[in-house]
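Here's a walk through one fold, meant to be read with the model open beside you. Take your time with the view before moving on.

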Amino acid sequence: MTKKLTLNYELFLFVALCFFSVVLALGKGYSVENAVKLWAGCVLPSLFPYFFITATLSTLKITSTLSKKLSPLMRTVFNQSGFSGYAFFISVVSGYPVGAKTVADLFLSFIPSNYSALVLFLVSCFVSTAM
């Protein structure tokens, strides 16, 4: 009974939030339009190549080759496994958003512990020199 009541309460809050968002944003159409144009003109073109290239590299199975080549560096400097070399390489080339996404993808499939994922996340999340 409590779970159903909580679900109804959350649903009511969600609907109320949506309603008030629409009501309060009625006069803000011009600002929303400018924000979407700015996102489509600046943010999307600057990040899309990085996301596209890293997704292509991941589907080409180049991760194992890069991981093998960077494994000695990752083991001696960061005390991490070989698969972390790919995430480190991608973060050096692409920077923060793509490096964080790569670490998250590796964590779901290869990284065994939370501690290793945290260390790799801290190593991989910095502004790239390529940017």
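Let's begin with a term: a pocket here is an open set of grid points where a 1.4 Å probe fits, with protein on both sides within 12 Å along at least five of seven lines, and a residue lines it if one of its atoms is within 4 Å of a point. Keep in mind that what you're looking at is a predicted model. In the largest pocket, 15 residues make up the lining, and those nearest its centre are Thr-54, Ser-58, Thr-63, Tyr-86 and Asp-105. Its volume comes to about 290 Å³. Two elements, helix H2 (29-59) and H5, each give two or more residues to that lining. The largest share is from H5, with six residues.

Now step back to the whole chain. It holds six helices and zero strands, so in sequence order the pattern reads α-α-α-α-α-α. Of its 131 residues, 26% count as buried. Among contacts with a separation of 6 or more, 53% join residues 24 or more positions apart.

With 16 residues, a straight helix would reach 22 Å, but the end C-alpha atoms of H3 are only 18 Å apart. Where does H3 have its kink? Look at Leu-70, shortly before the proline Pro-72, where the kink is about 55°. Thr-63, Leu-66, Ser-67, Ser-71 and Met-74 are buried in H3.

Leaving aside neighbours within four places in sequence, Met-74 is in contact with Asn-79, Gln-80, Ser-81, Ser-84, Gly-85, Phe-88 and Leu-120. In soluble globular proteins, nonpolar side chains tend to be buried together. The largest nonpolar core here has eight residues: Met-74, Ala-87, Phe-88, Val-103, Leu-106, Val-119, Leu-120 and Val-123. Helices H4 (84-94), H5 (96-109) and H6 (114-124) each give two or more residues to this core, and H6 gives the most, with three. There is also a second, separate core of six residues, including Leu-57, Leu-66, Tyr-86 and Ile-90.

Technical notes. Residues are numbered from 1 along each chain as its sequence is written. This is a predicted model: local features need pLDDT of at least 70, side-chain atom pairs count only at pLDDT 80 or more; totals for chains, interfaces and linings use all residues. Side-chain values use heavy atoms; hydrogens and water are left out. Helices (H or I, at least four residues) and strands (E, at least two) are DSSP runs, numbered from the N terminus. The expected span of a helix is 1.5 Å times one less than its number of residues. The bend at a residue is the angle between axes fitted to the seven residues ending there and the seven starting there. Buried means under 20% relative accessible area, exposed over 50%, partly exposed in between (1.4 Å probe, protein chains only). A nonpolar core is a set of buried Ala, Val, Leu, Ile, Met, Phe, Trp, Tyr and Cys residues joined through side-chain atoms within 4.5 Å. Contact means heavy atoms within 4.5 Å. On a 1 Å grid over the protein atoms alone, a cavity is a set of points where a 1.4 Å probe fits but cannot get out, and a pocket is an open set with protein on both sides within 12 Å along at least five of seven lines; lining residues have an atom within 4 Å of a point. Grid points are joined across faces, edges and corners, and a volume is the space filled by probe spheres set on the points.
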